[in-house]
Amino acid sequence: MKNWLILPLLFLGAIATGAERMSLETKIVTSDGTESSLYKDQSGVSPSIWGGINEDFVRSEKITFYVDAQKLYGAEKLDSGSRYRLDSISWQGHRDGRHTGGSRVVIVKAGDETWKSSIPESQSNIVTVRQKKSGEEEGFTFSPEDVLEVTLTSNTPGEYVYLKYYDGPEAPGEIHGVSFKLDEGGQVEDGAIKANIHNAAWRYNSPAIRLRVTEVEGGVFAIQLLAGLLGIILAGAIIVLFRKKKQQ
């Protein structure tokens, strides 16, 4: 095969692998500046006077919290010029999986877009809701600049939902990306006492969540680029065949 054909085909193969899937999780920053995922590891949370760490929960008919994807652990991979499909959202609930299933739903909003899905029954403290892809439609997407509003609730009155949350690490440690309240400018609060609507004695009230996302605009660009390269290759092949015929 001609060299000018080999290089474009190798490039096509690299692009065809698809857009990267990313995990974005509540970020915890310890007093020495070490960053990690609160969703995966809570060992950096400030110790409780009763032993263990400062963790608590909300049990209610409706729980709302807010997410700033740009502040989450893993957000350095986000491109401000792209949109991302929300493949799934996970949070920490009851240790035995209670208050899941039934008529319970999760509602996620970003700007004018809304996604609503049933909360499956869980057998553990991790609850995950996946967005199913329907046909060619990408479904619910958001940009890194959006603040996501996440609501756990039920279509049946009196049916409770449950969400665990944590205090921050000892000062000057911080938690980023998730809060139960927005500031006056509509941005996610990072540890302000006034944001602690459930436990005002703590520096933070932060759910440990995970978003799985896939870039979608990058995928569209890749398809367009593939089409263009295929056109170049086909045109080149036609020219080669035409020259061979002419030589014969």
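**Entry 1: a charged residue to start with**

Is Arg210 buried or exposed? I looked it up, keeping in mind that this is a predicted model. Arg210 has a relative accessibility of 14%, so I noted it as buried, the cut-off being under 20%.

Next I wanted its partner. Arg210 forms a salt bridge with Glu25, and their closest N and O atoms are 2.8 Å apart. The two sit in distant parts of the chain: Arg210 belongs to strand E16 (residues 209–215) and Glu25 to strand E1, 185 residues apart. I checked Glu25 too, and at 2% relative accessibility Glu25 counts as buried.

How many salt bridges does the count come to? I got 11 salt bridges.

I picked out the one between the side chains of Lys77 and Glu20, at 3.5 Å from N to O. Lys77 is in the loop between strand E5 (62–68) and strand E6 (84–92), while Glu20 is in the loop between helix H1 (3–15) and strand E1 (21–25), so this pair ties together parts 57 residues apart in sequence. Glu20 has a relative accessibility of 45%, and I wrote it down as partly exposed.

Then I turned to Arg21 and Asp87, whose side chains meet in a salt bridge at 3.6 Å, N to O. Because Arg21 lies in strand E1 and Asp87 in strand E6, the pair ties together parts that are 66 residues apart in sequence. Asp87 is buried, with 12% relative accessible area. I also found that Arg21, Arg85 and Asp87 are linked in a network of salt bridges.

**Entry 2: a sheet**

I looked at an open sheet of 3 strands, and its order is E4-E12-E15 with antiparallel pairing. Strand E4 (55–60) and strand E15 (206–207) stand at the edges with a single partner strand each, so one side of each has no neighbour in the sheet.

Which residue in E12 is the bridge partner of Phe57? That turned out to be Lys164. Between E4 and strand E12 (residues 161–166) I noted 6 bridges in the antiparallel sense.

A reminder to myself: in soluble globular proteins, nonpolar side chains tend to be buried together.

Here the largest nonpolar core has 35 residues, and Val67, Trp91, Phe142 and Leu211 touch the most other members. Among the elements that give two or more residues to this core are E1, E5, strand E7 (104–110), strand E9 (126–130), strand E11 (147–154) and E16. Which element gives the most? E6 does, with 4 residues.

**Entry 3: cavities**

I searched the whole structure and found 2 cavities of 30 Å³ or more. The largest cavity has a volume of about 50 Å³. Its lining includes Ile175, Glu189, Asp190, Arg203 and Tyr204. By class, the residues of that lining divide into 4 nonpolar, 5 polar and 3 charged. Ser206 is also one of the lining residues of the largest cavity.

The second largest cavity holds about 40 Å³ of space. Trp91, His94, Arg98 and Val161 are among the residues that line the second largest cavity. I sorted this lining as 6 nonpolar, 4 polar and 1 charged. Trp91 was already on my page, as one of the residues that touch the most other members of the largest nonpolar core.

How values were computed. Residues are numbered from 1 along each chain as its sequence is written. This is a predicted model: local features need pLDDT of at least 70, side-chain atom pairs count only at pLDDT 80 or more; totals for chains, interfaces and linings use all residues. Side-chain values use heavy atoms; hydrogens and water are left out. Two strands pair if DSSP finds at least two bridges between them. A salt bridge is a side-chain nitrogen of Lys or Arg within 4 Å of a carboxyl oxygen of Asp or Glu. Buried means under 20% relative accessible area, exposed over 50%, partly exposed in between (1.4 Å probe, protein chains only). On a 1 Å grid over the protein atoms alone, a cavity is a set of points where a 1.4 Å probe fits but cannot get out, and a pocket is an open set with protein on both sides within 12 Å along at least five of seven lines; lining residues have an atom within 4 Å of a point. Grid points are joined across faces, edges and corners, and a volume is the space filled by probe spheres set on the points. Ala, Val, Leu, Ile, Met, Phe, Trp, Tyr, Cys and Pro count as nonpolar, Asp, Glu, Lys and Arg as charged, and the others, Gly among them, as polar. A nonpolar core is a set of buried Ala, Val, Leu, Ile, Met, Phe, Trp, Tyr and Cys residues joined through side-chain atoms within 4.5 Å.
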